[in-house]
Amino acid sequence: MPDTSTTTGPQPGEQPVCRRLVGRTAVITGAGSGIGLATARRLADEGARVVAADIDAAAGEAAARETGGIFVPADVTDPGQVDALFQAAYDTYGSVDIAFNNAGISPPEDDSILTTGLDAWRRVQETNLTSVFLCCKAALPFMRRQGKGAIINTASFVAVLGAATSQISYTASKGGVLAMTRELGVQFAREGIRVNALCPGPVNTPLLRELFAKDPERAARRLVHIPLGRFAEATEIAAAVAFLASDDASFITAAEFLVDGGISGAYVTPL
C-alpha cells in the first residue's frame with residue numbers, strides 16, 4: 001500500500017476531480033467576479049452548462065467565454081430582466097437545474113444605523129434581498145415543471161451573528177435571504193426542489209482587500225475572530241455551492257449552510 005501519512009489533501013483552488021453536474025444548466029448571478037466567477041468556473045469544471053449573469057457586460061462576457069457558457073446581461077433588481085435571464089437559460093439549454101442567486105453589494109455608505117441614509121438602505125435591500133426574491137420567483141416555475149432543481153441563495157454569516165462593525169442594511173438583507181430561503185425550502189421540498197442558503201464568512205475578494213487597505217484596524221477586528229486564522233478563498237465557497245447543487249446534497253434543504261472558518265462556533269479563538 002502507498003504511504004499516505006504525509007498527504008495533505010486538496011488545497012484551495014485545485015481542480016475538482018468529480019463531475020457531478022454533467023448536463024445541468026446553472027444560472028449564476030454576479031458571475032463576473034468574486035464568488036460568482038469562482039463558482040462559474042467550478043460548476044463548469046463539474047460539467048454544468050453555465051449561464052453567466054452580471055450587470056458588468058465585459059466581466060460577464062469574459063466569465064461566459066472562460067466557462068464555455070452564455071452571458072445574459074441582467075440588472076437583478078429589474079423583474080423583466082430577471083425573467084428574461086431564466087427564459088434565456090431555458091431557451092438555450094432546455095432546462096433550469098441550478099440557480100445560484102449570488103449578486104449583491106456592500107457600499108461604504110451602508111454603515112451604522114445612526115449614519116446610514118434611507119437611499120443607501122433601499123439600494124442594498126433591492127440588490128441583496130429583492131433580487132433573490134425575483135430570481136427565485138423566476139426559476140421556480142421551470143423547476144416545478146421539471147420536478148427537480150436546486151436553488152442556492154447567498155446569505156452570510158452576519159445573518160446569524162451580530163457585529164459592532166455594522167453594515168446595517170447588508171446585515172438585514174442577508175437575514176431576509178436566510179428566512180426566505182428557509183420558507184421556500186420547506187414549501188417546495190415535496191416537488192423535488194431544494195432551496196438552501198449559503199452563509200460565507202469573510203472571503204478574500206477585492207472588496208475585502210480594499211477594506212484592509214482603507215481601514216486596517218477595522219479589518220483586523222474581523223480576522224481575530226476566525227478560528228482558522230485566515231479569510232476564505234472564493235474557490236472554497238464555490239466548492240460549497242457545487243456540493244449544494246449536486247445530488248450529494250439530496251437530503252439538504254431549507255438549511256443555513258455556514259462556510260465561515262468556525263466564526264459562528266467560536267467564543268475565544270486560538271492564539
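In this predicted model, helix α3 passes helix α4 in a right-handed crossing. Two packed helices are described by the angle between their axes and the distance between the axes. For α3 (residues 79-93) and α4, the axes come within 9 Å and cross at roughly 35 degrees. On the α3 side, the contact is made by Pro79, Val82, Asp83, Phe86, Gln87 and Tyr90. On the α4 side, Leu134, Cys135, Ala138, Ala139 and Phe142 take part. Sorted by class, the contact of α3 with α4 has 9 nonpolar, 1 polar and 1 charged residues.

**The sheet**

The strands of the model form an open sheet of 7 strands with parallel pairing, in the order β3-β2-β1-β4-β5-β6-β7. At the edges stand β3 (70-73) and β7 (256-259). Each of these two has a single partner strand, so one side of each is left without a neighbour in the sheet. From one strand to the next, the twist averages 20 degrees.

Two helices that pack on this sheet can be described by the strands they touch. Helix α5 (residues 168-187) touches β5, β6 (193-200) and β7, and its direction makes about 155 degrees with that of β6. Helix α8 (residues 234-245) touches β4, β5, β6 and β7, and the direction of α8 makes about 165 degrees with that of β6.

How many of the residues of β1 are buried? The count is 5 of the 5, so β1 is largely enclosed by the rest of the structure. Both faces of the strand are covered: Thr25, Val27 and Thr29 lie on one side, Ala26 and Ile28 on the other, and all are buried.

On one flank, 5 bridges join β1 to strand β2 (residues 49-54), and these two strands run parallel. Within this pairing, isoleucine 28 stands opposite alanine 52 in β2. The chain gets from β1 to β2 through helix α1 (residues 34-45), in a β-α-β crossover that is right-handed.

Strand β1 (residues 25-29) is also joined to β4, by 3 bridges, and the two run parallel. The table lists bridge partners between β1 and β4.

| Residue | Bridge partner in β4 |
|---|---|
| Alanine 26 | Isoleucine 98 |
| Valine 27 | Alanine 99 |
| Isoleucine 28 | Phenylalanine 100 |

Strand β4 is joined by 4 bridges to strand β5 (residues 149-154), and the pair runs parallel. Here alanine 99 stands opposite isoleucine 151 in β5. Between β4 and β5 the chain crosses through helix α4 (residues 118-146), and this β-α-β crossover is right-handed.

**Two single residues**

Isoleucine 152 is found in strand β5. Is isoleucine 152 buried or exposed? With a relative accessibility of 0%, isoleucine 152 counts as buried. Leaving aside neighbours within four places in sequence, isoleucine 152 is in contact with Ile98, Ala99, Phe100 and Asn101, and also with Asn196, Leu198, Val241, Leu244 and Ala245. Threonine 130 is 22 residues apart from isoleucine 152 along the chain, and the C-alpha atoms of the two are separated by 15 Å.

Serine 264 has its place in the segment after β7. Its relative accessible area is 33%, so serine 264 is partly exposed. Leaving aside neighbours within four places in sequence, serine 264 is in contact with Leu161 and Leu258. The C-alpha atoms of serine 264 and phenylalanine 157 are separated by 7.3 Å, although these residues are 107 residues apart along the chain.

Methods
Residues are numbered from 1 along each chain as its sequence is written. This is a predicted model: local features need pLDDT of at least 70, side-chain atom pairs count only at pLDDT 80 or more; totals for chains, interfaces and linings use all residues. Side-chain values use heavy atoms; hydrogens and water are left out. Two strands pair if DSSP finds at least two bridges between them. A crossover is right-handed if, with the strands pointing away from the viewer, the path from the first strand over the helix to the second runs clockwise. Buried means under 20% relative accessible area, exposed over 50%, partly exposed in between (1.4 Å probe, protein chains only). Axes are lines fitted to C-alpha atoms, for helices over the stretch in contact, and angles run from 0 to 180 degrees between N-to-C directions. A crossing is left-handed if the near helix is turned anticlockwise from the far one by less than a right angle, and right-handed if clockwise. Contact means heavy atoms within 4.5 Å. Ala, Val, Leu, Ile, Met, Phe, Trp, Tyr, Cys and Pro count as nonpolar, Asp, Glu, Lys and Arg as charged, and the others, Gly among them, as polar.
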